Amino acid sequence: MLPSRRAYGLLLLGMAIAPLFSLFWQAETQIIASMLAIVAFDAVVLVLVAVDSSRVRGQRVQIHRHPLHRLSIGRDNPVMLSVQTGQHAAQVQIRDYHPLAIAASTSQLQARIEPNSTADLSYTVHPTKRGEYQWGDIQIRQLGPWRLAWHDWTVPQAQTVAVYPDLIGLRALSIRLTLQTAGAMRQARRLGIGTEFAELREYATGDDPRLIDWKATARRSRPLIRVLEPEQEQTLLILLDRGRLMTAQVQGLSRFDWGLNATLSLAMAGLNRGDRVGVAVFDRQIHTWLPPERGQLQLSKLIERLTPIQPELVEPDYFGAVTSLVNQQTRRALVVMITDIVDVTASAELLAALGRLAPRYLPFCVTLRDPEVDRQAHALTEDIPSTYARAVALDLIAQRQTAFALLKQRGALVLDAPANQISEQLVDRYLQIKAKSQL
């Protein structure tokens, strides 16, 4: 039982009114009469408070938390609470004991709910680390009919909730790829982009004359062209670095988490396009290896196997990872290395490892840039410390560009994007590679 503001107001009012009763008493008894009046008035108010609180017991609302199966790292995840009332309206205050390690949009929910109705109250949580977290019970306060007291009780709702990579982003990407399958792929066919024969159709204005099938044209006595589509059942291999450089924090998440999100997004795109997708996570050695397979079941395997992995403060062995991959994968494949680059000297092993892949494979180096470095490099400076910081940022960018130029000379594709944009840009680049039949 907790007194409400109205109850405290009545108690204060009693302290102001009670001394008036002492005017009816003799001077020597005025103080005693005033004290007795205050005590009596306060006692009546407290009795009413207790009665008001007890009346709520028979009018308690029903509350439950919607199941929390998987939360997405780096996203605002909604948490929904359903509150059901009986024959009486209810004013409630709710505190859901989420893990302290996860930031929430609010610490307390308040609502007034009409009789015989159900209200859905929600707030969002923003996890920044993967793993399992313990959600606590729900504490609820309901205001009494006379609005004098809050009845307080706890609803058992404890559960263990896992924080996964960006599943919300994967769902949005799935919808996007599905729409593109009907739109962009038709456009690719119309333009004759691809290597696999799909069908014959009549020649239309604007079609490439080089795609005319002359034998079919002679048989049908009208010009027909070959419709091509991007080749499927190719192999996509993703090498995800979990070494020292991937432990750095970028935009609230570790660089490895951004890379893991990009890995799953690229894997989904590859599986959606009919390719065989395999993933290796490495540091000094191959930590986790999932051989290339097709189908959506492969994506589920990747999510479950990769989610528990955390980065380590060790130097990665790029050459060893590439050597292990070459020994296991004999057919031509697109090999995507997700890592980061400092400069030519520090990344010499990475340059040599990717150079070994070409021309038998198509190497693709993907690096996760820190947007803060870009901001400092392009910011106007007004003092010496900020000028030095800008000079360092410009030098870092120049060193990276030199390393990328060497990679391109060795036949590797390069994508350097801000960490918080890497997933979208990587998927777009992969779709371009498929459309242009570069593999």
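Modeller: Leu48 is partly exposed, with a relative accessible area of 35%, where buried means under 20%, exposed over 50% and partly exposed in between (1.4 Å probe, protein chains only). This is a predicted model, in which local features need pLDDT of at least 70 and side-chain atom pairs count only at pLDDT 80 or more, while totals for chains, interfaces and linings use all residues. Residues are numbered from 1 along each chain as its sequence is written, and side-chain values use heavy atoms, with hydrogens and water left out.

Leu48 belongs to helix H2 (residues 30-56); helices (H or I, at least four residues) and strands (E, at least two) are DSSP runs numbered from the N terminus.

Leu121, by contrast, lies in strand E8 (residues 118-126) and counts as buried at 14% relative accessibility. Leaving aside residues up to four places away in sequence, Leu121 touches Val79, Met80, Leu81, Val83, Ile94, Leu109 and Ala111, contact meaning heavy atoms within 4.5 Å.

In helix H7 (residues 318-328), the buried residues are Tyr318, Ala321, Val322, Leu325 and Val326. Viewed down the axis of H7, these buried residues fall within an arc of 130 degrees (taken from the directions from the helix axis to the C-beta atoms), so they line one face of the helix. Their cover includes strands E15 (235-241), E18 (276-282), E19 (286-293) and E20 (334-339), together with helix H8 (348-357).
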